[in-house]
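Hello,

Here is the structure I promised to pass on to you. Have a look at it first, and then read my notes below.

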Amino acid sequence: MEKVLKRRVVVSKTYQGAPCRKYGHTERYVKSGHCVVCMKGQKEKWVAENLEKHKVYQKKWHDENTEKHKAHMQKYKKENPALYAHHSAKRRAMKKQQTPKWADMDKIKEIFLNCPEGYEVDHKHPLSKGGLHVDYNLQAIPKSENRRKGTKIL
């Protein structure tokens, strides 16, 4: 639950209300009273139906808030290094279309979150050489070894 400080009074954006008829979910927005889950579903549906309009809006927002976005991403990267590494690897793999639909993304995320400090998650068979972004192709190795390995297959 996100909290916003206003005139020394903590105001919540959501509250626990009557259960939603559709999902039984009780968290609702203070301003509208709508169910959080239903509103998220409606937004996703709208984005799917209006993809081009949404992309234009996103680009306009990003152009107007470049510095704000950059500061947010730097803060996120510093506070969540394992998740940032997971998202970066996932994005690279998706770009190369090397994450199969059957890949267990929860297992992959867990590997990144459990990576010890001073280690990095490495693809045993590199993405650039046709390797897949799947749990059994990942390993935690020391940063120096990962830098030395590069895109070689060992």
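Of the 154 residues of the protein chain, 21% count as buried, where buried means under 20% relative accessible area, exposed means over 50%, and partly exposed lies in between (1.4 Å probe, protein chains only). The model is a predicted one, so local features need pLDDT of at least 70 and side-chain atom pairs count only at pLDDT 80 or more, while totals for chains, interfaces and linings use all residues. Residues are numbered from 1 along each chain as its sequence is written, and side-chain values use heavy atoms, with hydrogens and water left out.

First, the overall picture. The protein chain has 6 helices and 6 strands; these are DSSP runs numbered from the N terminus, with helices being H or I of at least four residues and strands E of at least two. Starting at the N terminus, the order of the elements is β-β-β-β-α-α-α-α-α-β-β-α. The C-alpha trace spans about 55 × 40 × 35 Å along its principal axes. The radius of gyration of the protein chain is 21 Å, whereas a compact globule of 154 residues would have one near 15 Å (taken over C-alpha atoms; the globule rule is 2.2 Å times the number of residues to the power 0.38).

Next, the largest pocket, which has a volume of about 750 Å³. The search ran on a 1 Å grid over the protein atoms alone, and a pocket is an open set of points where a 1.4 Å probe fits, with protein on both sides within 12 Å along at least five of seven lines; lining residues have an atom within 4 Å of a point. The volume is the space filled by probe spheres set on the points, which are joined across faces, edges and corners. Of the 29 residues that line this largest pocket, A85, F112, E120, V121 and N146 are the closest to its centre. At least two lining residues come from each of α4 (81–95), α5 (105–113), β5 (119–123) and α6 (143–149), and α4 gives the most, with 7 residues.

N146 counts as buried because its relative accessibility is 13%. Leaving aside neighbours within four places in sequence, N146 is in contact (heavy atoms within 4.5 Å) with E120, V121, D122 and I141.

Two loop residues are also worth a look. Which of them is buried, and which is exposed? C35, in the loop between β4 (27–29) and α1 (36–49), is buried, with a relative accessible area of 4%. Not counting residues up to four places away in sequence, C35 touches C20, H25, E27, R28 and Y29. Between the C-alpha atoms of C35 and Y23, 12 residues apart along the chain, the separation is 8.8 Å.

W102, by contrast, is exposed, with a relative accessible area of 57%, and lies in the loop between α4 and α5. With residues up to four places away in sequence not counted, W102 touches L132, V134 and Y136. From C-alpha to C-alpha, W102 and G17 are 38 Å apart in space, and they are 85 residues apart in sequence.

Best wishes
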